[in-house]
Amino acid sequence: MKLLFTALYLLLSLAGISQLPAGFVKENYQKKETYITTKDGVKLFTAIYTPKDQKEKYPIILERTPYSCGP
């Protein structure tokens, strides 16, 4: 399963599609929104997506952007 998600992400990245459809994300991931404090005291808004399937370990993908965090 881990390999499937990694391959899907790489395939979509190569195809120029930066996001999965919103329905897929809502069905397969839990979203938590929070603020993380940096070393200099600045609080950065963060959206954390964790897989609902907890049967195996998955790799971490970290993406930083000064723009919104859809979906």
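## Basis of the model

Two strands pair if DSSP finds at least two bridges between them, and strands themselves are DSSP runs of E with at least two residues, just as helices are runs of H or I with at least four, both numbered from the N terminus. In this structure, the bridge partner of Y35 in β2 is F45.

The structure is a predicted model, in which local features need pLDDT of at least 70 and side-chain atom pairs count only at pLDDT 80 or more, while totals for chains, interfaces and linings use all residues. Residues are numbered from 1 along each chain as its sequence is written, and side-chain values use heavy atoms, with hydrogens and water left out.

## Confidence and overall make-up

The predictor's confidence in each residue is given as pLDDT, on a scale from 0 to 100; the protein averages 78, and 70% of the residues score at least 70. Among the elements of the protein, the lowest mean pLDDT, 67, belongs to helix α1 (residues 2-14), and the highest, 89, to β1.

The protein contains 2 helices and 2 strands, arranged along the sequence in the pattern α-α-β-β. Of its 71 residues, 6% are buried, where buried means under 20% relative accessible area, exposed means over 50%, and partly exposed lies in between (1.4 Å probe, protein chains only). Where contact means heavy atoms within 4.5 Å, residues 24 or more positions apart account for 34% of the contacts with a separation of 6 or more.

## The β1-β2 hairpin

Strand β1 (residues 29-37) and strand β2 (residues 43-51) run antiparallel and are joined by 9 bridges. Together they form a hairpin with 5 residues between them, and G41 in the turn has a positive phi of about 90°. Next to the pairing of Y35 with F45, I36 stands opposite L44 in β2.

Q30 belongs to strand β1 and, at 47% relative accessibility, counts as partly exposed. Although Q30 and Y49 are 19 residues apart along the chain, their C-alpha atoms are separated by 5.5 Å. Apart from neighbours within four places in sequence, Q30 is in contact with I48, Y49, T50 and K52.

T46 lies in strand β2, and its C-alpha is 8.2 Å from that of K32, which is 14 residues away in sequence. With neighbours within four places left aside, T46 is in contact with K32, E33, T34 and I36. The side chain of T46 also reaches the backbone oxygen of L44 at 3.2 Å.

## The salt bridge

The structure holds 1 salt bridge, a term that requires a side-chain nitrogen of Lys or Arg within 4 Å of a carboxyl oxygen of Asp or Glu. The side chains of K31 and E33 form this salt bridge, with a distance of 3.0 Å from N to O. K31 is partly exposed, with a relative accessible area of 36%.

Methods. A polar contact is a pair of N or O atoms within 3.5 Å; within protein, one must be able to donate a hydrogen and the other to accept it, and residues adjacent in sequence count only if both atoms are side-chain atoms.
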